[in-house]
Amino acid sequence: MQSEERNALRASGISARDGLSPQQRDRFSTSIAARICASRVFRQAETILIYKGIRGEVRLEALEEAVRKDFAKKRLAYPLCISKTEMIALQPLGEDAWKTGYCGIPEPVREKSVEIRPEEIDLVICPCTVFDSQGGRMGMGAGFYDRYLSRCMNAHIAAVAFEAQKAERIPMEPWDRPMELVFTEKTVYGAV
């Protein structure tokens, strides 16, 4: 029964984010990036794992731009799926260090990037399909982030989502990693 509930919640969150207009998504994504940049966990982090948004996900281009412009000493790493169950973090070394990967997601090219060990990461910013105010988060269901987060022993763990993706409660599985923070266009849930 719980998997049916989780699938329904995931579908509801995806539908809610896809129901936003492109203009709303852009505006809300910019607000979310500003909240991240203003946060203590971001300001203290040196190495940050983020992602390239696709379809209706929160876009983090404004965060990438802020790092280039105002936070040049920070390193941005991105996930690369290396199997059906595993991902690694890479820091691309140039604009030509990108390709279209798993599920159409822009991924760094391994040969044109530096691999970042999980213990080097100070902050992970996860995409999500649906979240709750207690730190519950669901991704697309493949478990890449949940498996990887268990190895990020020095990192604060956050998610980004639109307020429309919020659910009252996410039924958590034992392998689900709760988020310390969830950044939305309206607020930050959590206490770090």
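The model is a predicted one, in which local features require a pLDDT of at least 70 and side-chain atom pairs are counted only at pLDDT 80 or more, whereas totals for chains, interfaces and linings draw on all residues. Residues are numbered from 1 along each chain as its sequence is written, and side-chain values rest on heavy atoms, with hydrogens and water left out.

The protein contains 5 helices and 12 strands, helices (H or I, at least four residues) and strands (E, at least two) being DSSP runs numbered from the N terminus. Its C-alpha trace spans about 45 × 35 × 30 Å along the principal axes. The radius of gyration is 16 Å, which agrees with the value near 16 Å for a compact globule of 192 residues; this radius is taken over C-alpha atoms, and the globule rule is 2.2 Å times the number of residues to the power 0.38. Of the 192 residues, 49% count as buried, where buried denotes under 20% relative accessible area, exposed over 50%, and partly exposed in between (1.4 Å probe, protein chains only). Among contacts (heavy atoms within 4.5 Å) between residues at least 6 apart in sequence, 68% join residues at least 24 apart.

Charged pairs were examined next. Side chains of opposite charge can pair when their charged atoms come close. A salt bridge is defined as a side-chain nitrogen of Lys or Arg within 4 Å of a carboxyl oxygen of Asp or Glu, and by this rule the count comes to 11 salt bridges. One of them joins Arg75 and Glu120, with 3.0 Å between the closest N and O atoms. This pair links distant parts of the chain, since Arg75 belongs to strand β2 (residues 75-81) and Glu120 to the loop between β6 (113-116) and β7 (123-126), 45 residues apart. Both partners are partly exposed, Arg75 at a relative accessible area of 25% and Glu120 at 23%. Arg75 and Glu120 also belong to a network of salt bridges that includes Arg117 and Glu119.

Arg17 pairs with Asp18, the closest N and O atoms lying 3.9 Å apart. Arg17 is buried, at 2% relative accessible area, whereas Asp18 is partly exposed at 42%. Arg110 pairs with Glu115 at a closest N to O distance of 3.6 Å. Here Arg110 is partly exposed at 40%, and Glu115 is likewise partly exposed at 44%.

A disulfide is a covalent bond between the sulfur atoms of two cysteines. With the criterion of a pair of cysteine sulfur atoms within 2.5 Å, the count comes to 0 disulfides. For Cys37, the closest cysteine sulfur is that of Cys126, at 17 Å, which is too far for a bond. The sulfur of Cys128 likewise has its closest cysteine sulfur in Cys126, and the separation of 8.5 Å is too far for a bond. Cys37 is buried at 11% relative accessibility, and Cys128 is buried at 4%.

Glu64 lies in helix α4 (residues 61-70) and is buried, with a relative accessibility of 5%. The side chain of Glu64 makes a polar contact of 2.5 Å with that of Tyr78; a polar contact is a pair of N or O atoms within 3.5 Å, and within protein one atom must be able to donate a hydrogen and the other to accept it, while residues adjacent in sequence count only if both atoms are side-chain atoms. Beyond its neighbours within four places in sequence, Glu64 is in contact with Ile50, Lys52, Leu76 and Tyr78.

Leu20 is located in the loop between α1 (2-18) and α2 (22-38) and is buried, at 13% relative accessibility. Residues up to four places away in sequence being set aside, Leu20 touches Arg25, Phe28 and Phe162. The C-alpha atoms of Leu20 and Glu168 are 20 Å apart in space, with a sequence separation of 148 residues. Arg55, in the loop between β1 (47-49) and α4, has a positive phi of about 45° although it is not a glycine.
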